[in-house]
There are 2 protein chains.
Amino acid sequence: MKTYLECIPCFVNQAFKTANIATNDPDKVKAVLDSVGDMIKSIPMENTPPETGNHIYQKIREITSNHDPYKEIKKAHIQEAKYLYPKLKNLIKESSDQLLTAIRIAIAGNVIDMGVDKDFNIINDIQKILKQDFAIFDYEAFKDQCNKAKSVLYIGDNAGESVFDCLLIEEMSKPTVFVVRDIPVLNDCIIDDAIDSGLGEVSEIISSGSTAPATILNLCNDDFLNRFNSADFIISKGQGNYEGLSKVDQKVFFLLKAKCKVIANDLNVKEDAIVLKGINLN
Amino acid sequence: MKTYLECIPCFVNQAFKTANIATNDPDKVKAVLDSVGDMIKSIPMENTPPETGNHIYQKIREITSNHDPYKEIKKAHIQEAKYLYPKLKNLIKESSDQLLTAIRIAIAGNVIDMGVDKDFNIINDIQKILKQDFAIFDYEAFKDQCNKAKSVLYIGDNAGESVFDCLLIEEMSKPTVFVVRDIPVLNDCIIDDAIDSGLGEVSEIISSGSTAPATILNLCNDDFLNRFNSADFIISKGQGNYEGLSKVDQKVFFLLKAKCKVIANDLNVKEDAIVLKGINLN
């Protein structure tokens with residue numbers, strides 16, 4: 001997805017929010033704002049927003065010397081999600097369409113997102129998303145692909161949400177590779193978070209190599225690219241990965257909630273819509 | 001009031017919003033964002049926020065060639081407020097404390113503010129503010145000063161709100177000078193808007209000389225400064241004027257709703273609080 005003008009104030013808001021989590025020093029927060037302000041004129045609007053995010057979060061790391069500002073927040077979200085895990089497991093077991101319920105719960109987990117300027121209440125959001133109609137619903141193609149696939153390449157998004165991803169991976173019951181970011185960026189899942197979330201028990205965990213808050217192919221390592229290019233069933237979670245992968249040539253199923261207006265418009269759905277969208281299906 | 005770090009993302013958001021109202025040309029909107037981004041590093045944090053706003057709105061005028069982007073919006077707000085005027089006049093007449101009800105209505109009018117990133121519903125807001133407790137309530141001093149004063153210097157804020165100001169001016173029943181901005185900035189009241197609002201029938205209308213979305217003394221003209229320095233009863237409406245005048249040496253009564261967290265913190269009240277605050281009362 002290209003960068004829209006609306007993304008620019010959002011970059012500034014996000015940088016301010018993250019800088020304040022990364023440091024208590026107002027001079028450093030100001031330095032982050034100065035630096036992001038300077039970047040605006042050279043943002044390549046044809047690039048995806050997380051490519052610019054990559055530069056911004058790099059600057060925040062340099063200025064604040066804090067390389068994982070969301071570390072404690074991620075831990076808390078994983079604990080909260082793990083507490084809900086048995087209840088959600090049971091809910092899937094008792095539902096009439098277990099795969100679909102697991103997909104809905106995996107999308108509900110996607111509300112745990114520090115990169116979006118909205119508060120969330122995970123219990124309320126799960127309850128809502130369990131009943132919500134999909135705005136885009138390529139479920140038949142998803143099921144068909146899932147049945148045929150020998151393995152799954154599952155591209156994760158946020159820590160906490162990752163616990164809910166376990167439930168969908170268990171439900172699909174295929175050999176799965178779970179993909180995380182290379183370094184801490186926002187509250188996105190890295191290898192340690194994936195292990196804490198229990199993903200080591202249900203999948204092989206690899207880094208995409210991307211340091212951006214998204215999977216950006218030209219930032220990814222060869223191992224990931226090889227697996228991506230040869231995968232027969234790719235699941236991509238969340239907005240960041242959609243921004244990074246919406247124009248690729250591979251068959252990808254995006255599971256996400258459209259939490260910002262720009263992404264909702266790009267998908268031609270309403271804000272807060274839930275989406276199961278397959279691309280390059282033929 | 002000094003500029004807080006929180007004001008910086010807000011400047012960018014405001015500039016983006018105003019640029020989009022001023023022009024349909026995305027290149028011009030981008031040029032506004034580039035320009036505001038460049039400004040960030042040189043914002044004097046010891047200055048008041050509307051002094052920076054003054055530079056930003058000047059840039060928006062230069063880049064978009066639109067010198068009054070809120071013209072139609074202001075007209076619509078004045079019409080809407082005028083429609084409510086007889087009902088509100090009656091409401092004051094039937095209330096047990098007519099001056100206080102007129103003050104509450106003048107504050108309710110202050111929600112008509114395009115410079116704050118919140119939606120408003122004027123009818124709902126009036127109903128709420130008529131029942132809301134004041135977080136700061138220097139009403140006795142206000143009444144006392146009002147009774148003693150030979151005349152009132154009433155510093156207006158937004159167009160639309162200006163119709164509600166008529167009601168308070170009528171209620172006080174003193175010779176009144178109503179002060180407006182020198183040129184269109186945001187949806188702030190200028191001379192034409194004040195006349196449209198009916199203020200010419202209840203007061204003398206003057207420009208402060210300020211081109212900022214606030215009364216900034218070092219931007220004001222000599223006529224206003226002379227009147228300000230010799231006034232025996234000054235009323236200042238809204239956030240912008242509070243930001244500009246909160247540190248002056250004169251006795252001033254501020255009537256406002258604290259619509260943003262920064263101003264709420266500066267006043268030591270909660271967001272959305274209503275305030276009748278006198279300064280330099282002794």
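In chain B, the axes of helix α4 (residues 71-93) and helix α8 (residues 161-172) come within 8 Å of each other and cross at roughly 30 degrees. That makes α4(B) roughly parallel to α8(B), a label for angles under 35 degrees. This is a predicted model, where local features need pLDDT of at least 70, side-chain atom pairs count only at pLDDT 80 or more, and totals for chains, interfaces and linings use all residues. Residues are numbered from 1 along each chain as its sequence is written, with chains lettered from A and ligands numbered from 1 in the order in which they are written.

**The helix pair in chain B**
- The crossing of α4(B) and α8(B) is right-handed, meaning the near helix is turned clockwise from the far one by less than a right angle.
- On the α4(B) side, the contact (C-beta atoms, placed from the backbone, within 7 Å) includes B:Ile78, B:Tyr85 and B:Leu88.
- From α8(B) come B:Val163, B:Phe164, B:Leu167 and B:Glu171.
- Sorted by type, the residues of this contact are eight nonpolar, no polar and three charged.

**Where the chains meet**
- 15 residues of chain A touch 15 residues of chain B.
- α1 (7-22) and α2 (26-39) of chain A each supply at least two residues of that side of chain A.
- α2(A) gives the most, with seven residues.

**How the copies are related**

How values were computed. Contact = placed C-beta atoms within 7 Å. Helix = DSSP H or I, 4+ residues; strand = E, 2+ residues; numbered from the N terminus. Axes fitted to C-alpha atoms, helices over the stretch in contact; angles between N-to-C directions. Parallel < 35°, antiparallel > 145°, perpendicular 65-115°, else oblique. Nonpolar A, V, L, I, M, F, W, Y, C, P; charged D, E, K, R; others polar.
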